[in-house]
Structures are given as C-alpha cells and as structure tokens.
Amino acid sequence: MNTLDLVQQRLEPELREMNQIIARSLATPNRLMNHIVTTYLQTKGKQIRPIVVLLSAKLFGEVNDHVLHAGAALEMLHNASLIHDDIVDETKTRRSMPTVNAVWDNHIAVLVGDFFVSNALAAGIRTGNISIIAALSDLGRELSLGEIDQICNVRDHLLDESSYFNMIRQKTASLFMNCVKMGAEAVGALPADYASMVKYAELLGLCFQIKDDVFDYFESRRIGKPTGNDLREGKVTLPLLYALANGPADEASRLKALLRRGDLTDDEIALMIDFAKANGGIEYAFDTMHALQARADALIAPFPDSRWKDSFRDIFDFIIARDR
C-alpha cells in the first residue's frame, strides 16, 4: 500500500460522499451524455486534488456539506480541463483509456467539457460561499492562461527555467493552491490562517508537474502516454532545459536549432531524451522536487501534529515516488 492509499483510506467516508455529489450533479435525462459521463467517471483517477480540499478542511476544522460540494466542484472543473486539454492536444488515451474526443469526436467532447464546467459552478454555488465561487473563477482563468503560456513558450522557443516555472505555476500549481483555499474557506478559516498552506500547495503542485514531465523521458505502459509526447508537441520541460543549459555547448546548440525548427522526428526526439539523461537532467529534476519538498515541510512544521498534517506529507511523498 502506497502513501496515497493510506490517505484515501483515512478519508474514505468523505470521498464516497463527495463522489456521490459528483454523480448526482452530472446526472441528466440525456442518454448519450449519461453514457459518456458514466464511462468517463469509471476511470476517475487518483483524485489527489479533491483530497487536498478535504485535508485542508480537516487541518482547519471538520468536513461539512460545503467542503464536500467544494471538493466536487473542484474535481469537476479539473476534469473539464482534462477533457478540453485532450481536444487541444489531440490526445487519444488518458489513464490508459480512450479519451472522450477519441471516441466521440471534438464536437461532443467540447460539449461534455462545458457540461462539467457548468456543474462545477453549480456545486460551488451550493456552498453559499462567495470566496469559494471566486476561487473557482480564478482557477478557470489561471488554467486557461497556463495553457496559453505553454503555447507561447513553444511558439517563441523559450528555453529557460523561469518561463517553465511560470507556466507550470499557472497550469498546475494554481489548482492545488485553490484546493487548500477552498477547503479552508469552507470551514471558516481566515486567509491569515491558511496562507502558509496555500504556499505549501503551490510547491506541491510544482512538484506534481515536474514529476509528470519526468515521465515523458521513460517508456511505461503504466503511465498511459508515450515517451517523448511532450517533445513531439514542442514542449521542453525541466530535464531537457537543465541539460541544454549545462551540457556540452556544441551539442546543446545543435539541439536548440532542432527545437526552433520544430516537427521533430522520432530519432530527433530520442536524441533529445538521451541528451537530457546523459547530462543530469533527470537527477536535476529529482533534486528540484526534493528541494521543493523541504521548503514545503518547513511551512507545515508549525502546525499541530495530526493525521491530516501527516497526510499532507504523505501526499508529497507519493507525488515524488509515483510511477504513473
């Protein structure tokens, strides 16, 4: 049993109730929508983000109906973003299953994603908390800007760590930050109370994306995506960024020229991956994740010892150790 399994076990009643809210929220008289949604929810993933909502509520109070609706809203909005991302990236599989767009085409996939967004907002409204609704709104904006930033980075051939971290902060970390905010707000915590945990969640989100990017340098059926997929889309992530900045200058210049040209061949992608591995890119990514974890641990250390404080640390351990 991994550390995430332990956390899920601790939160089993709350997660069950939250998933029931999601199922009720997405129920509709339309048979096609019901079929697509039901099929999609059968592979709902690890639900790390709503787990963070619940843990935040536990850290500052007790889970109530508003917390459960906030977690449900967050999970539905997250899934909407995944459905839309799959359309943009023309992704055919996710979690080793066919994507909505692969099965039903882009037209229906867009509508399904919009359906998730609408129900996420409705669940947020049921909390009766304007701060939670504002957080959902902010999150939608941040996720969109993060994706646009990534597109701009590709088009402008920005090959520096600063641009990379700005992009993943908006694309991924913002989601984790709002998880903590929504959970804390739902139990009446004040911004001053949860500010340090929002920062903790930012570091957690950055770490999550870095680890996700590392997967692209290794072949694994468990991950559910092919090696080099990011590079195939022109996305240059932390391992290769480090290698390009610190590896042999002549070879790095040649690879940068290929990246600026675009439309990499499979052989060129393999060359990029080998270069990143040979020049410390993977080790640097793990060193960065461990440094983020150390900073996060210092932020959570002052909180009273509890299962929920331990669970936040368990989530961080899981994210670095996970194999998919």
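This note comments on confidence, helix packing and aromatic contacts in a predicted model.

1. Basis. Residues are numbered from 1 along each chain as its sequence is written, and side-chain values use heavy atoms, with hydrogens and water left out. The model is predicted, so that local features need pLDDT of at least 70 and side-chain atom pairs count only at pLDDT 80 or more, while totals for chains, interfaces and linings use all residues.

2. Confidence. The mean pLDDT (the predictor's confidence in each residue, from 0 to 100) is 90 for the chain, and 98% of the residues score at least 70. Confidence is lowest in strand β1 (residues 93-94), with a mean of 79, and highest in α15, at 98. Helices (H or I, at least four residues) and strands (E, at least two) are DSSP runs, numbered from the N terminus.

3. Helix α16. This helix covers residues 307-321 and reaches 20 Å from its first C-alpha to its last, close to the 21 Å expected at 1.5 Å a residue; the expected span is 1.5 Å times one less than the number of residues. Its buried residues include W308, F312, I315, F316 and I319, where buried means under 20% relative accessible area, exposed over 50% and partly exposed in between (1.4 Å probe, protein chains only). Among the elements that cover them are α1 (3-10), α4 (48-60), α9 and α10 (191-214).

4. F165. This residue belongs to helix α9 (residues 161-186) and counts as buried because its relative accessibility is 15%. Leaving aside neighbours within four places in sequence, F165 is in contact (heavy atoms within 4.5 Å) with L206, I210, L238 and T288. F165 and L206 are 41 residues apart in sequence, with their C-alpha atoms 7.7 Å apart.

5. Aromatic pairs. Rings of Phe, Tyr and Trp (its six-membered ring) pair if their centres lie within 6.5 Å; planes under 30 degrees apart count as stacked, over 60 as edge-to-face and the rest as tilted. The count comes to seven aromatic pairs. Y164 and F165 are edge-to-face, at 5.4 Å centre to centre and 80° between the planes. Y200 and F316 are also edge-to-face, at 5.7 Å and 85°. Y200 lies in helix α10 and F316 in helix α16, so this pair ties together parts that are 116 residues apart in sequence.
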